[in-house]
Amino acid sequence: MERIDDLMTNELKIIQSDDTFRFSMDAVLLAKFCTVPSRGHILDLCSGNGVIPLLLTTRTKCAITGVELQEKLVNLARRSVLLNDLGAQITILQED
């Protein structure tokens, strides 16, 4: 079963599934306290459902690429990017 959850930041939403990885407070803290460049490109490896790229958009205008292997998580992440109208800033790739 899928659901749309609030990310508690700037009205961002994320699509999650009970059958896959769901983000935890660790991801929220990482996105909040990591160093974020003001220009350039950010790469998030093992992006899961895309929670970190979504949250990082509140801190930078950099292009962000999320890389995830699992097709179902890639699908959720891409749909969350579209739901939040962030396709111009975030790209989600299915790669190993």
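Predicted model: local features only at pLDDT ≥ 70, side-chain atom pairs only at ≥ 80, totals over all residues.
Strand 3 and strand 4 pair in the parallel sense, over 5 bridges. Two strands are said to pair if DSSP finds at least two bridges between them. The strands and helices I refer to are DSSP runs, numbered from the N terminus, with helices being H or I of at least four residues and strands E of at least two. Residues are numbered from 1 along each chain as its sequence is written, and side-chain values use heavy atoms, with hydrogens and water left out.

Let me continue with the sheet. Strand 4 is also joined to strand 5, by 5 bridges, and these two run parallel. Together, 3 strands form an open sheet in the order 3-4-5, with parallel pairing. Which strands are at the edges? They are strand 3, residues 41-45, and strand 5, each of which pairs on one side only. From one strand to the next, the twist averages 20°; axes here are lines fitted to C-alpha atoms, for helices over the stretch in contact, and angles run from 0 to 180 degrees between N-to-C directions.

Leu 45 stands opposite Val 67 in strand 4, and Val 67 in turn stands opposite Leu 93 in strand 5.

Along strand 3 the side chains alternate. Buried means under 20% relative accessible area, exposed means over 50%, and partly exposed is in between, with a 1.4 Å probe and protein chains only.

I turn now to helix 3. This helix, residues 71-83, has 13 residues and reaches 18 Å from its first C-alpha to its last, close to the 18 Å expected at 1.5 Å a residue. The expected span is 1.5 Å times one less than the number of residues. Helix 3 lies across strand 4 and strand 5, and runs at about 165° to strand 5.

Which residues of helix 3 are buried? They are Leu 73, Val 74, Leu 76, Ala 77, Ser 80 and Val 81. These residues are on the same side of helix 3 because they cover an arc of only 165° around the axis, the arc being that of the directions from the helix axis to the C-beta atoms. As a general point, an α-helix has 3.6 residues a turn, so residues three or four places apart point the same way. On the other side of helix 3, Glu 71 and Leu 82 are exposed.

The buried residues of helix 3 pack against several elements: strand 1 (2-6), strand 2 (13-17), helix 2 (51-56), strand 4 (63-68) and strand 5 (90-94). Contact means heavy atoms within 4.5 Å. Just after helix 3, Asp 85 takes a positive phi of about 55°.

Helix 1, residues 25-33, has Ala 27, Val 28 and Ala 31 buried. Their arc around the axis is only 100°, which puts them on the same side of helix 1. Met 25, Asp 26 and Phe 33 are exposed on the other side of helix 1. Helix 2 is included in what covers the buried residues of helix 1.

Next, two residues towards the start of the numbering. Ile 4 has its place in strand 1 and counts as exposed, at 52% relative accessibility. Leaving aside neighbours within four places in sequence, Ile 4 is in contact with Lys 13, Ile 14, Ile 15 and Leu 83. Met 1 lies in the segment before strand 1 and counts as exposed, at 73% relative accessibility. With neighbours within four places in sequence again left aside, Met 1 is in contact with Gln 16, Ser 17, Asp 18 and Asp 19.

Finally, the cysteines. How many disulfides does the structure hold? There are 0 disulfides, a disulfide being a pair of cysteine sulfur atoms within 2.5 Å. For Cys 46, the nearest cysteine sulfur is that of Cys 34, 16 Å away. Cys 46 is exposed, with a relative accessible area of 70%. For Cys 62, the nearest cysteine sulfur is that of Cys 34, 11 Å away. Cys 62 counts as buried, at 3% relative accessibility.
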